[in-house]
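User: I've got a model open here and would like to talk it through with you. Could you take my questions one by one?

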Amino acid sequence: MDEREPPAEEAVERERFQILAQLEDWLETPLFVLGLAWLALLVIDLTRGLTPGLQTATTVIWIVFILDFLLKLVLAPRKLAYLRSNWLTALALVLPALRVLRFARVFRVARAARGLRLARVLTSINRGMRSLRAAMRRRGVGYVTLLTILVAFVGAAGMYAFESPAEGGGLATYAEALWWTAMLLTTAGSDYWPQTPEGRALCFLLALYAFAVFGYLAATLTSFFVDRDAEAEDSAVAGAEELRRLRMEVEGLREEIRRQIAEREP
């Protein structure tokens with residue numbers, strides 16, 4: 001056998017990587033749609049509660065996600081590495097099981113149910129983020145804008161669930177929670193401060209996201225205005241067109257020097 005050929009294990013591993021990548025491409029659009037539906041059902045669940053029909057739809061989508069995760073785990077050549085890189089996804093699939101099995105009722109006195117609800121919000125946002133990133137293929141202003149809208153609606157649902165008057169908070173309606181979340185994400189803030197531990201934790205994470213997005217948008221706007229300034233003829237910043245003309249002039253000077261040297265040679 002040719003020693004330059006890869007070992008059989010490496011060939012099998014490479015083939016499984018290719019199958020996994022092809023499977024992810026095939027399932028990208030359906031999972032993206034299901035991910036958005038999952039987030040919409042989560043918002044309804046946190047704000048108004050699910051009807052039996054919507055609960056059934058949630059369970060069906062959850063089962064599809066489980067089958068997708070298990071299939072990819074089976075195909076992944078390095079399963080432990082796959083689990084490490086997708087542990088949040090695995091956690092998002094485990095949490096609904098606690099709801100289905102109604103474990104939350106057992107721990108309701110210990111406030112574990114609200115902690116599980118916070119974990120559901122965070123893991124669901126993570127799933128939506130992954131689906132959106134896969135669908136848009138690249139990170140840009142469009143991706144950040146859509147992701148911020150997603151975070152605003154889901155985060156507002158979580159804040160309303162934790163900070164409603166029934167929970168001891170001061171956000172009376174989902175619309176009020178959405179306005180509060182929008183003010184937080186735009187770094188404008190408001191006079192209201194969360195009263196529950198879960199609300200404060202979610203508020204802190206939303207504030208971190210807002211600062212990260214604000215920095216990204218500030219850098220994007222700076223780059224945009226610098227590029228526009230560079231395109232101006234009288235700009236002090238060298239633009240791409242001006243650099244191209246300078247390179248052409250340098251090449252012309254080089255050719256002129258070569259021509260003069262060649263004429264002086266006997």
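Predicted model: local features only at pLDDT ≥ 70, side-chain atom pairs only at ≥ 80, totals over all residues.

User: Which hand does the crossing of α7 and α8 have?

Analyst: Helix α7 covers residues 141-163 and α8 covers 174-185. Their axes lie 8 Å apart where they pack. Going by the clockwise rule, the crossing of α7 and α8 is right-handed.

User: How many nonpolar, polar and charged residues does the contact of α7 with α8 have?

Analyst: On the α7 side, the residues include Val151, Phe153, Met159 and Tyr160. They meet a set in α8 that includes Tyr174, Leu178 and Trp180. Thr148 in α7 and Thr181 in α8 are also part of this contact. By class, the tally is 12 nonpolar, 3 polar and no charged residues.

User: Is Tyr160 buried or exposed?

Analyst: Tyr160 sits in helix α7. Beyond its close sequence neighbours, Tyr160 touches Leu46, Thr47, Leu171, Ala172, Thr173, Tyr174 and Ala177. The cut-off for buried is under 20% relative accessible area. Because its relative accessibility is 18%, Tyr160 counts as buried.

User: What separates the C-alpha atoms of Tyr160 and Tyr174?

Analyst: Tyr174 is among the residues in contact with Tyr160. The two tyrosines, Tyr160 and Tyr174, are 14 residues apart along the chain.

User: Where is the place of Ser164, and is Ser164 buried or exposed?

Analyst: Ser164 belongs to the loop between α7 and α8. Leaving out residues up to four places away in sequence, Ser164 touches Met159, Gly169 and Leu171. Its relative accessible area is 10%, so Ser164 is buried.

User: How far apart in space are Ser164 and Gln195?

Analyst: Along the sequence, Ser164 and Gln195 are 31 residues apart. From C-alpha to C-alpha, the distance between Ser164 and Gln195 is 9.9 Å.

User: Which residue forms a salt bridge with Asp68?

Analyst: The structure holds 1 salt bridge. Both partners lie in helix α2, 4 residues apart, about one turn of the helix, and both are buried. The closest N and O atoms are 3.4 Å apart, and the partner of Asp68 is Lys72.

User: How many helices and strands are there in the protein?

Analyst: Buried residues make up 31% of the 266 residues. Among contacts between residues at least 6 apart in sequence, 64% join residues at least 24 apart. As for the elements, the count is 10 helices and 0 strands.

Methods. Residues numbered from 1 in each chain as written. Heavy atoms only, no water. Salt bridge = Lys/Arg side-chain N within 4 Å of Asp/Glu carboxyl O. Helix = DSSP H or I, 4+ residues; strand = E, 2+ residues; numbered from the N terminus. Buried < 20%, exposed > 50% of the residue type's maximum accessible area, 1.4 Å probe, protein only. Contact = heavy atoms within 4.5 Å. Axes fitted to C-alpha atoms, helices over the stretch in contact; angles between N-to-C directions. Nonpolar A, V, L, I, M, F, W, Y, C, P; charged D, E, K, R; others polar.
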